[in-house]
Amino acid sequence: MTTDANHLLTESQERSMEVEWGGVDGELAGTVVIQCIYALVCLLGLLGNSLVIFVILRYAKMKTATNIYLLNLAIADELFMLSIPFVATSAALHHWPFGRVLCRTVLGVDGLNMFTSVFCLTVLSLDRYIAVVHPLRAATYRCPRVAKMVNGGVWLLSLLVASPIPIFAGTAVTHDGRAVACNLLWPSPAWSAAFVIYTTLLGFLLPVLAMGLCYLLIVGKMRAVAERVGWQQRRRSEVKLTRLVLIVVAVFVVCWMPFYVVQLVNLLLPGQLATVVNNASLILSYSNSCANPILYSFLSENFRHSFHGVLRRCCDAGCCCCNPDQDTTEEEEEPLDYCATPKGEEKSKGCMCPSLPCQQESVHPEPYYKADTLLAKTTTF
């Protein structure tokens with residue numbers, strides 16, 4: 001058994017895990033390796049997402065509509081990482097020592113942030129769709145105020161979808177009576193099977209289909225207008241942002257698809273998969289939350305420059321051999337978006353797409369803007 005809300009689904013899986021908890025199949029070397037992987041994923045996830053959150057909140061140039069969606073994703077990933085110490089501890093002890101209340105709390109928060117992450121990625125894909133396919137509407141829908149409202153709606157929807165998890169979560173003694181497990185205690189096996197289908201549809205299949213449709217429409221739009229006047233200048237920025245979000249979505253699919261496939265196989269063919277396969281799919285799903293900051297640093301110049309600026313300031317504060325007068329904002333910055341210029345400040349600059357009323361942004365924007373101005377950037381990631 002494990003503390004992950006979506007990994008505890010079938011009775012056959014529970015029985016196989018109980019055997020392992022009894023020590024029949026457990027090996028010390030395997031336990032050490034699993035604990036090291038959990039520790040690495042948790043450390044990278046907490047540090048990376050904390051850095052993303054700090055950068056977006058700290059720098060005014062990062063407060064764009066798309067980055068606000070990325071901020072929401074980073075918060076969900078950060079909270080998702082907080083459940084790893086409980087999962088790792090119970091895996092090492094083959095026992096849940098934290099009690100019923102904490103069991104419900106951990107499983108509830110774990111499920112909430114899992115759904116929030118996938119819904120955030122869906123919103124990011126819709127944001128890219130509006131920016132590329134409906135640029136005239138971008139001025140209305142792609143602003144920080146609307147992004148914050150959408151993020152609030154994402155959390156409410158996730159809370160509703162994940163509500164069965166804290167309701168049915170609890171602790172129970174294993175069949176051999178030698179351990180206590182934190183699990184989802186369903187009234188009957190049919191409920192467990194229904195929950196597998198429920199989470200697979202709402203937490204993976206439907207969001208992935210929506211994201212795939214968005215990118216198919218984006219590709220069609222880019223090909224249709226690639227030769228129009230003014231598109232080539234805007235195209236460089238849009239392609240970078242769209243590519244970043246697309247890669248983040250692809251990594252999500254790669255990390256989470258094995259997990260849902262394993263759950264469906266356990267439902268259809270109980271007891272056929274080895275425990276190591278279940279553990280590997282679970283660890284891979286957690287690793288997705290620490291991958292996004294790494295993708296941002298490799299694929300986004302703005303995030304990379306901002307990360308370097310934060311790390312350089314940390315070096316300066318720690319009396320490292322760094323140049324305190326050097327500022328990363330002197331480097332050339334990647335255009336974040338085309339609907340994010342403060343009113344009245346860029347009238348004399350070159351306009352990337354003059355036919356649109358809310359697209360006046362220079363090809364090389366100023367490094368800082370006022371904190372309350374409208375900006376828009378998409379990342380992940």
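The largest nonpolar core in this predicted model takes in 71 residues, where a nonpolar core means a set of buried Ala, Val, Leu, Ile, Met, Phe, Trp, Tyr and Cys residues joined through side-chain atoms within 4.5 Å. Its residues with the most contacts inside the core are Tyr-38, Leu-121, Trp-256, Tyr-286, Tyr-296 and Phe-303. Helix α5 supplies the largest share of this core, at 14 residues. Helices (H or I, at least four residues) and strands (E, at least two) are DSSP runs, numbered from the N terminus. As a bit of background, nonpolar side chains in soluble globular proteins tend to be buried together.

A word on bookkeeping: residues are numbered from 1 along each chain as its sequence is written, and side-chain values use heavy atoms, with hydrogens and water left out. Because the model is predicted, local features need pLDDT of at least 70 and side-chain atom pairs count only at pLDDT 80 or more, while totals for chains, interfaces and linings use all residues.

Next come the aromatics. The structure holds 17 aromatic pairs; rings of Phe, Tyr and Trp (its six-membered ring) pair if their centres lie within 6.5 Å, and planes under 30 degrees apart count as stacked, over 60 as edge-to-face and the rest as tilted. One of these, Phe-252 with Trp-256, has ring centres 6.3 Å apart and planes at 40°, so the pair is tilted. Both residues belong to helix α10 (residues 231-268) and sit four residues apart, about one turn of the helix. Phe-252 counts as buried at 2% relative accessibility, and Trp-256 does so at 5%; buried means under 20% relative accessible area, exposed over 50%, and partly exposed in between (1.4 Å probe, protein chains only). The two are also part of one aromatic cluster, together with Tyr-38, Phe-80, Phe-204, Phe-259, Tyr-260 and Tyr-286.

As for the cysteines, a search of the whole structure turns up one disulfide, defined as a pair of cysteine sulfur atoms within 2.5 Å. That bond joins Cys-103 to Cys-182, with an S to S distance of 1.9 Å. The pair ties together distant parts of the chain, 79 residues apart: Cys-103 lies in helix α5 (residues 100-133) and Cys-182 in strand β2 (residues 180-184). The torsion about their S-S bond is about 90°, so the disulfide is right-handed. Both Cys-103 and Cys-182 are buried.

Elsewhere, the sulfur of Cys-255 has its closest cysteine sulfur in Cys-290, 8.1 Å away, which is too far for a bond. Cys-255 counts as buried at 8% relative accessibility, and Cys-143 is likewise buried at 8%.
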